[in-house]
Amino acid sequence: MASVVIDDIKKHIDNGNNFLLSGGAGSGKTYTLMQVLDLIHEKNPVANIACITYTNVAVDEIKSRSPYENLRVSTIHDFLWDVIKSYQPNIKKSLAYLITLYSTDNKAGIKYDGEQTLDIAYFSDKTIEYRDYRKLEEGIVWHDDILKIAHHMFDTYPLLCNIIKDKFQYILVDEYQDTDKQVIEIFLDFFQRNKERQNVLAFFGDSMQSIYDTKGVGNITHYVTADIVKEVKKEDNYRCSEKVIELINKVRNDGIVQKAAKDNKIGNITFLYSNRDNVNIKNIKQENTIFKDWDFSNTEETKELYLTHRLIAKEFEFEEILSKYPYADDLLGDETRRNRFSNHLFKIQEIIYLYDNKRYNELINKTNFKIRKLSDKTVLKNKIEELRTGTKNTIEELIDLADKHGLIVRDDKLNDFIKENEDFYNAVKGLDKKQIEKVYHYVEGHSPYSTQHGVKGAEFENVFVILDNGRWNQYNFQYLFESTAGKESVIERTRKIFYVCCSRSKNNLVVFYHKPTSATIAKAKDWFGEENIFQT
C-alpha cells in the first residue's frame, strides 16, 4: 500500500499537481513527508522547498531527519513573517487598514482599544516587529496579527504571491487540518489567481484530528472537489492493534478505512460502564481485572485521559490550588504562560524531581546553591531532603525554606508579584505543598494523566479514556453515541476527540462511561462488540 501511495504522489509531482495526503492515525504521514522530500530532491536537486508545520517540536523533528540544504522548515507564523517583513510600507498600510476594519461585528480586523489614532502616518517612523506579545502603539504585532496582515497583503498585492512562488518551487504543509483558514486561502485561492506562475503545494494530515480550535481549516474538501488539489489516501496503520483499528474505522465518517500495516498486535478493546450514583475511578481500576497487567506508574506506556484539566485536578488531587487561579494557564500552561509565582514553585519542584531521579549534574545547574568544595554536595543533599520530606508542609513554608537554604531564592520579581497579588497569595500560601508537587508532575508529563487534547501525536501501550463532558458544552459524549438530532457540530467535534483518544492505543484500550442510556449502550455494542461491554 505504501509503495502505491508514493507512486501516486510521484505522478502528481511530475505533473505539477497540488496534492493532499490524507492518512489516519498511525499511518506514517511524517515518514511519507520525508519520502516526498527525497522525491523532490531526486527530480530537482536545486529546488527550493518550504516545509510548514504546526509546532516548533515538529520543526525540529523534520530538520533533524532531512539532509537537504535547500529546505526551509518553520512554523506558519515564522514563514509568513519571513516572507512579508521586508515590505514595511505595505505592512503599515495593511495594519492601519485592519485596525480600522475591526468592530464587535467584524472580527476580521485587528482590535485596538487605546487612545491613539493608529493610521499610516502614525506608523510612518516605526518598524513593525513580530513578537510573542502585542504592543500596537510601538509597532509590535503578535501571532494572530501576522495571519491577518499576511492574508490581507497576499490578497491585495498579487506580486507577493508571484515572489513566493518563484522563491519556493514546492511548499509542504504538515498537519494541514490545524492550519488557519486564512493561510489555506493564501495558498489555494490567492496563489491560484495567476495560472502562468505555479508551484506545487502539498498538504499532509487527517481531517479527523482537527481538534485544537475553530480557527483550523479542518478539511480542504472544497478544493479537492474543485480539482485544485488531488487527494491521495494512505490507509495503513502502523500503530494501533487490530481491535483498535476495527473500532476507529467505525468512528470515522470520511471514507478512510485503515488496515493493519504489519506486525500489529491483536489487542483488546473494552467499553466499561457503571450505573452507580457515585463512582471512584481509582476503585474502578483496582476492582476490574482488565487493568491487572497495567502499570499506571509507567507514564511512557500507560495514559489515563480526561477532557478537561479540572477533571484531572479532581482525580489527581490538586483541585483546591487550581480553584484559586482565575485562569488555568497561569498554573498549568507552559513556562511562557504561567505566572511568576507558579514558575517559582515549578523551579522548586524541578530540583526535587532531579534529586529524586539522581540527575545530580542537572540539579546543580538549576539551583542557586553553589558547590565550592566536595563537602558542599553533602550539604546540598541534606537541604533538599529537608525540602522534600521535612515538617514544612505549606506552600509558603516551601518557598521560605528553599530561599533560606539558598536553593531557589526569592528574588525581587517574585516579591513584587506577591505584593501586587496579595489576595491571591493569601489564598494559596497555606495550601499543602503536595498539591503543587502533583501539579508539577502533571504538567511535566510525569503522571499517568493527560487531557484528551494533549495526547495528539502520542502513542501508548495502554489507554484508559474517561468519557465525561466536564461541563464543557462544546463536547457531549451522549450526543455522539446517540446521534442526537440538531447537535451535529457538537457531535462532530466530540467524534474527533474520541477518535484521537482511541487511536493513541498500540495494544489495549478501555473506555469508561458513567450512567449510559440504553441508546448509548446499543451504540457501544455496535462499535466495540457486545462481548466487550462490561458493567462495573
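**A pair of strands and what surrounds it**

Tutor: Let's start with strand E2 (residues 49-53) and E3, which run parallel and are joined by 5 bridges. Strands here are DSSP runs of E with at least two residues, helices are runs of H or I with at least four, and both are numbered from the N terminus. Two strands count as paired if DSSP finds at least two bridges between them. In this pair, Ile-49 is found opposite Leu-71 in E3.

Before going on: this is a predicted model, where local features need pLDDT of at least 70 and side-chain atom pairs count only at pLDDT 80 or more, while totals for chains, interfaces and linings use all residues. Residues are numbered from 1 along each chain as its sequence is written, and side-chain values use heavy atoms, with hydrogens and water left out.

Back to strand E3 (residues 71-75): 4 of its 5 residues are buried, so the rest of the structure largely encloses it. Buried means under 20% relative accessible area, exposed means over 50%, and partly exposed is in between (1.4 Å probe, protein chains only).

Now for strand E1 (19-23) and helix H2 (29-43), with Gly-26 in the loop between them. The unreviewed UniProt entry lists a "binding site" that includes Gly-26, Lys-29 and Thr-30; such annotations may be inferred rather than shown by experiment, and the positions follow the numbering used here, with feature names shortened. Gly-26 has 14% relative accessibility, so it counts as buried. Setting aside residues up to four places away in sequence, Gly-26 touches Asp-236, Asn-237, Tyr-238 and Arg-239, where contact means heavy atoms within 4.5 Å. Thr-30 lies in helix H2 and is partly exposed, with a relative accessible area of 21%. Beyond its neighbours within four places in sequence, Thr-30 is in contact with Glu-61, Arg-65 and Asp-174.

Let's step back to the whole chain. An automatic or database assignment sets the domain bounds, giving domain 1 (1-73 + 157-234), domain 2 (88-155), domain 3 (244-307 + 452-535) and domain 4 (320-444). The centres of domain 2 and domain 4, taken over C-alpha atoms, are 39 Å apart.

For another parallel arrangement, look at the open sheet of 6 strands, ordered E13-E12-E14-E15-E11-E16. Strand E13 (449-451) and strand E16 (533-535) are at the edges with a single partner strand each, so one side of each has no neighbour in the sheet. Inside this order, strand E14 (residues 460-467) and strand E15 (residues 505-514) pair in the parallel sense over 7 bridges, with Phe-464 opposite Val-510 in E15.

What about the greasy interior? A nonpolar core is a set of buried Ala, Val, Leu, Ile, Met, Phe, Trp, Tyr and Cys residues joined through side-chain atoms within 4.5 Å. The largest one has 92 residues, and Phe-318, Phe-341, Phe-498 and Phe-528 have the most contacts inside it. Helix H16 (residues 340-356) gives this core its largest share, 9 residues. Apart from it lies another core of 47 residues, including Val-83 and Tyr-176.
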